[in-house]
Amino acid sequence: MADPVGIPAAASRGDWLGNKSVHPSSPAGICLGAFEKLSRGAPAWLCEAESEPRSPSSCSSPEASIFLRTGGSTGNPRFARHTWATMAAAVKGLQVVLGEEPIRSWCCLPVWHMGGLMQVVRAVETGGDVVFGDYLDLAEPKAEVNLSGRMVSLVSTQLHRLLSSDLAVARRRESRLILLAGGP
């Protein structure tokens, strides 16, 4: 087992949650479990429930790592290794562009993919927060969705589907920024 990683205490406390309901199998619960493992120096494997992660013994790094499944849209799935330090560096790079204020997100991507997890890491690192939702809620008139001042990450297929909804377009315009990731 590796030495404990200096991740912010807010990560394991859940201070980044914009909506406080946490079930262990919810996106927030998955993140809290992974951050707790990282803080103890243990590797965390994030993947869909039906996929099998590799053995933690295959982690050869002395620094606790988080492993995310990747490559599904372009080839054979594999696990990408990240540390808290590499993810925090990505947040700092984004802040160079956006400014130093807290990053608030509305997350509709799975947290076992980089696009979903990074929304949580951005909130932890900047003192922001994350609200979890379903991207289809953006087009649903009865859904309570408030994107005002929040970043939204989508993949190209989601964006393409939402462009046909005037309500979804109007709601996305309330957001601070839309990050587009995944797919060719």
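Helix axes are taken here as lines fitted to C-alpha atoms over the stretch in contact, with angles running from 0 to 180 degrees between N-to-C directions. In this predicted model, the axes of helix α3 (residues 84–98) and helix α4 come within 9 Å and cross at roughly 75°. Because angles of 65 to 115 degrees count as roughly perpendicular, α3 is described as roughly perpendicular to α4. On the α3 side, the contact is made by W84, M87, A88, A90, V91, K92, L94 and Q95. Helix α4 contributes M114, L117, M118, V121, R122, V124, E125 and T126. By class, the contact of α3 with α4 comprises eleven nonpolar, two polar and three charged residues.

Spanning residues 114–126, α4 lies across β4, β5, β6 and β7 and runs at about 165° to β6.

The sheet itself is open and is formed by four strands in the order β5-β4-β6-β7, with parallel pairing. Strands β5 (130–132) and β7 (177–181) stand at the edges, and each has a single partner strand, so one side of each is left without a neighbour in the sheet. On average, neighbouring strands of this sheet are turned by 25° against each other, direction ignored. Strands of a sheet pair through backbone hydrogen bonds, in either a parallel or an antiparallel manner. Within the present sheet, strand β4 (residues 105–107) runs parallel to strand β6 (residues 151–155), and two bridges join them. In this pairing, W106 stands opposite V152 of β6.

How values were computed
Residues numbered from 1 in each chain as written. Predicted model: local features only at pLDDT ≥ 70, side-chain atom pairs only at ≥ 80, totals over all residues. Heavy atoms only, no water. Pairing = 2+ DSSP bridges. Contact = heavy atoms within 4.5 Å. Parallel < 35°, antiparallel > 145°, perpendicular 65-115°, else oblique. Nonpolar A, V, L, I, M, F, W, Y, C, P; charged D, E, K, R; others polar.
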